[in-house]
Amino acid sequence: MTIRRALPFLAVASSLALAACSNNVDVNEDELGAEAEQSEIAQEALPRTDFAELQLGAKIVGPQGPEVKSRLTNAEGAFADITSYVACPAGMDTCDPATAPDGTIYTYVHIIYPGEDNDPSTGSGTGNDSSLVETTEAFRMIKPSHGFTGVAGYSFAEAKAAIAPIGGVVITCHEQGLAWTIEEGDGGNQWRQGEPLTFFWQSTLPPAGPSEAYEVFANYTSAIGPGPFPKGDTAASNACALSASSTSD
């Protein structure tokens with residue numbers, strides 16, 4: 001099995017390397033390494049779906065209500081707020097896994113606010129024990145994406161507001177889970193403090209409850225926190241696991 005790279009990368013514009021070669025200038029080895037990693041990730045990228053194109057039905061209502069709010073933290077403090085929910089397909093006015101028909105696809109949605117969510121009572125900003133986030137490099141899972149159908153994406157409009165005009169988001173499989181890596185591009189904007197970005201993925205499995213399954217890289221450090229996550233099921237397929245298996249053949 002091919003293990004996906006565990007750390008996000010800093011994008012390096014190919015134009016810099018081309019200019020250096022044309023002028024017979026030595027290119028920094030770190031820059032070449034970053035370009036090689038960027039190329040590898042691009043080759044492994046999954047198709048991207050715009051969150052705005054989804055037609056979703058009712059949300060699952062759990063012990064915390066229809067949405068789960070938490071923080072992504074490490075020993076130094078909180079680096080992002082996360083608001084998550086799981087929705088059934090359009091047309092379902094009630095989303096209850098106990099009564100949902102076979103074949104129901106569940107959409108897991110995660111809204112990440114680096115540093116804060118602009119709510120002084122819940123945010124991670126001033127007075128709430130965290131840092132000013134100057135750059136956010138990636139959001140990803142640290143557990144296998146059980147039941148993953150192969151459909152994942154993010155809000156194109158939010159990404160454009162946060163990291164346009166040069167930056168983008170690349171979705172890849174990461175150790176049988178998913179990773180959304182931010183590409184700032186040369187001179188591109190950083191995904192930073194208080195800029196929300198919505199990510200989603202779809203699974204054939206309903207959530208089993210909140211799990212410490214999500215991670216953000218902010219200010220070049222890892223922070224982990226909970227969100228809705230499906231229970232492992234050996235009978236359920238996982239598009240990332242299938243992809244890893246086919247790569248290793």
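Which residues touch the most other members of the largest nonpolar core? The analysis rests on a predicted model, in which local features need pLDDT of at least 70, side-chain atom pairs count only at pLDDT 80 or more, and totals for chains, interfaces and linings use all residues. Residues are numbered from 1 along each chain as its sequence is written, and side-chain values use heavy atoms, with hydrogens and water left out.

The largest nonpolar core holds 41 residues. Such a core is a set of buried Ala, Val, Leu, Ile, Met, Phe, Trp, Tyr and Cys residues joined through side-chain atoms within 4.5 Å. Buried means under 20% relative accessible area, exposed over 50%, and partly exposed in between (1.4 Å probe, protein chains only). Ile112, Leu178, Trp180, Trp201 and Tyr214 touch the most other members. Strand β4 (residues 77-89) supplies the largest share of this core, 5 residues. Leu178 has contacts (heavy atoms within 4.5 Å) with residues including Leu46, Arg140, Phe148, Ile171, Trp201 and Cys240, not counting residues up to four places away in sequence.

The protein chain contains 4 helices and 12 strands. These are DSSP runs, numbered from the N terminus: helices are H or I with at least four residues, strands E with at least two. Of the 249 residues in the chain, 45% are buried. Among contacts with a separation of 6 or more, 74% join residues 24 or more positions apart. The accessible surface of the chain is about 11,900 Å² (Shrake-Rupley method, 1.4 Å probe; for residues, only the protein chains shown count as cover). Carbon and sulfur atoms account for 51% of that surface.

The structure holds 3 salt bridges. The criterion is a side-chain nitrogen of Lys or Arg within 4 Å of a carboxyl oxygen of Asp or Glu. One of them pairs Glu215 with Arg140, with the closest N and O atoms 2.5 Å apart. This pair links distant parts of the chain: Glu215 lies in strand β11 (residues 207-218) and Arg140 in strand β6 (residues 136-141), 75 residues apart. Both Glu215 and Arg140 are buried. Arg140 is also one of the residues that Leu178 touches.

Lys59, Glu67 and Lys69 are linked in a network of salt bridges. Lys59 and Glu67 approach to 3.1 Å between their closest N and O atoms. Glu67 and Lys69 meet at 3.9 Å, N to O. Lys59 counts as partly exposed because its relative accessibility is 30%. Glu67, at 27%, is likewise partly exposed. Lys69 reaches 53% and therefore counts as exposed.
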